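Let's take a walk through this structure together. Have a look at it first, and then we'll go through it piece by piece.

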Amino acid sequence: MPSARHPSPRRRPGLLGRFSKDLLALIVPAAAVVAGVGLLGCAPNGAKHLDSGEPLQPPSAFAAVADDAERSQAMFAEAARVLLHPRCVNCHPSDDSPRQLDSSRMHVPRVTRGTKGDGAAGLRCASCHQSENLSFTRVPGAPHWQLAPIEMAWFGKTPREVCEQLKDPARNGGRDADALVEHMRTDPLVAWGWDPGADRAPVPGDQNTFADLIRAWLDTGAVCPPDTTTPGAAS
Amino acid sequence: MIAFHVNGEAVRVDVDPEMPLLWCLRDHLQLTGTKYGCGEAYCGACVIHLDGEAVRACVTPVAKASGRQVTTIEGLSEHGDHPVQRAWREENVPQCGYCQSGQIMSAAALLAEVPAPTDDQIDQSMAGNVCRCGTYDRIRKAIHRASQEQG
Ligand code: FES
Ligand code: FES
């Protein structure tokens, strides 16, 4: 544990000392092989989204695009930099387990969504995740920390696919346009993306700019970008 | 001062509110039945109940226990005869035993909510409790046994 303030509880001293150097020499390369295989075997099945790190462009940055439909598509592509960021999609999986880190590896421990998206009996998300980030233990947290419902799965999707989902009340939590913008602008779990704690990379921009983009996209006809569009490609 | 109940008894501790509850239980309250495995929420050795819900004491700041009921392995039952503890003995579950208080606390939380779990439900609920001795088969059997015994 990385803290001088709370030294770890007494561990049996000299545990490693029991291993001879020879034994360690055997174990270390073996562990490296296992870890290597693990990395290959656990590659996320969705495309990894690595953001450019550029500031999130507000709707005004798209004023030069004269055609409403094109502007709508471009603004959605920009908003997709947030929507498809690992901080967001890691908890919008299309299976039953969240992902972790920028690599979107499987969550450790291998937790599952349970019946309500908040974990299995005895292994709830709240077993570890509190209503705020914990600085000492680095565990991320926010109010109502849980997985997005399966119909709101975004992991591995394209901006276009997520765009179509967001317009469909059956796949957006039953929200109309205003409720969607409100959710994006004020929901504390959405807000966590900009304040993820520890050394986690935040989603780009700020929550208001993101919500403004969603509003402007809706106001320009909520046109979805083509299949081939990648997050931020239009900015 | 942070005040809460541990195994039914009122306690007050004068510690950093950010101190992990596990530290407080083991080093300040001398309740060493709850184990330190990884300290990072991976292994489940430190599972206790907070108001009846299983939580990982190694990543729970002691301040979160304020005003609440903490149950550790020492307080799961008065005489060590909770159905899960009895089933654990009957199935001879532990090997080295290090992970077992966490296993038992997770299993008890599962059965409190799902009295007759399927193998899949057991696997999902116990997925965060690692046993380096590999006692998983006996754990699963013992959970089924405890389920039957508690009726
Ligand atoms: S010590 Fe808490 S989960 Fe490992
Ligand atoms: S019995 Fe040894 S770690 Fe589980």
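This is a predicted model: local features need pLDDT of at least 70, side-chain atom pairs count only at pLDDT 80 or more; totals for chains, interfaces and linings use all residues.

**A guided walk through the two chains**

α2 of chain B covers residues 83-90, and its buried residues are Pro83(B), Val84(B), Gln85(B), Ala87(B) and Trp88(B). What lies over them? The cover for the buried residues of α2(B) includes α3 and α5 (136-150) of chain B.

Next, see how the chains meet. On the chain B side, 33 residues are in contact with 30 residues of chain A. Together the two chains bury about 2700 Å², with 52% of that on carbon and sulfur atoms. Within chain B, Glu18(B), Trp23(B) and Tyr36(B) lose the most area to chain A, and together they make up 20% of what that side buries.

There are charged and polar links here too. The rule finds two salt bridges across the interface of chain B and chain A. In one salt bridge, the side chains of Glu113(B) and Arg124(A) come together at 2.0 Å, N to O. Seven residue pairs are in polar contact between chain B and chain A, both residues being at pLDDT 80 or more. If you'd like to find the chain B side by its elements, those that give two or more residues to it are α1 (21-28), β4 (53-56), α3 (100-113) and α4 (119-125). As for the kinds of residue on that side touching chain A, there are 16 nonpolar, seven polar and ten charged.

Over to chain A. Its secondary structure comes to seven helices and four strands. Chain A has 235 residues, and 43% of them count as buried. Take the contacts in chain A between residues at least 6 apart in sequence: 63% of these join residues at least 24 apart.

What sits in the largest nonpolar core? It has 32 residues, and those touching the most other members are Phe76(A), Leu83(A), Leu166(A), Met184(A), Phe210(A), Ile214(A) and Trp217(A). At least two residues of this core come from each of α2 (68-83), α3 (86-89), α4 (159-167), α5 (177-186) and α7 (207-219) of chain A. Zoom in on Trp217(A): beyond its neighbours within four places in sequence, its contacts include Ser72(A), Met75(A), Phe76(A), Cys163(A) and Leu166(A). There is also a second, separate core of 28 residues, with Val11(B), Val15(B), Leu31(B) and Val59(B) among them.

Leu56(A) sits in the loop between α1 (21-41) and α2. Is Leu56(A) buried or exposed? Its relative accessible area is 7%, so Leu56(A) counts as buried. Setting aside residues up to four places away in sequence, Leu56(A) touches Glu78(A), Arg81(A), Val82(A), Phe210(A) and Leu213(A), among others. Leu56(A) and Ala79(A) are 23 residues apart in sequence, yet 8.0 Å apart in space, C-alpha to C-alpha.

The other loop residue is Ser104(A), found between β1 (99-100) and β2 (105-106) of chain A. Ser104(A) is buried, because its relative accessible area is 4%. The side chain of Ser104(A) is joined to that of Asn90(A) by a polar contact of 2.6 Å.

Notes. Residues are numbered from 1 along each chain as its sequence is written. Chains are lettered from A and ligands numbered from 1 in the order in which they are written. Side-chain values use heavy atoms; hydrogens and water are left out. Contact means heavy atoms within 4.5 Å. Buried area is the accessible area (1.4 Å probe) that two parts lose on being put together, summed over both. A salt bridge is a side-chain nitrogen of Lys or Arg within 4 Å of a carboxyl oxygen of Asp or Glu. A polar contact is a pair of N or O atoms within 3.5 Å; within protein, one must be able to donate a hydrogen and the other to accept it, and residues adjacent in sequence count only if both atoms are side-chain atoms. Ala, Val, Leu, Ile, Met, Phe, Trp, Tyr, Cys and Pro count as nonpolar, Asp, Glu, Lys and Arg as charged, and the others, Gly among them, as polar. A nonpolar core is a set of buried Ala, Val, Leu, Ile, Met, Phe, Trp, Tyr and Cys residues joined through side-chain atoms within 4.5 Å. Buried means under 20% relative accessible area, exposed over 50%, partly exposed in between (1.4 Å probe, protein chains only).
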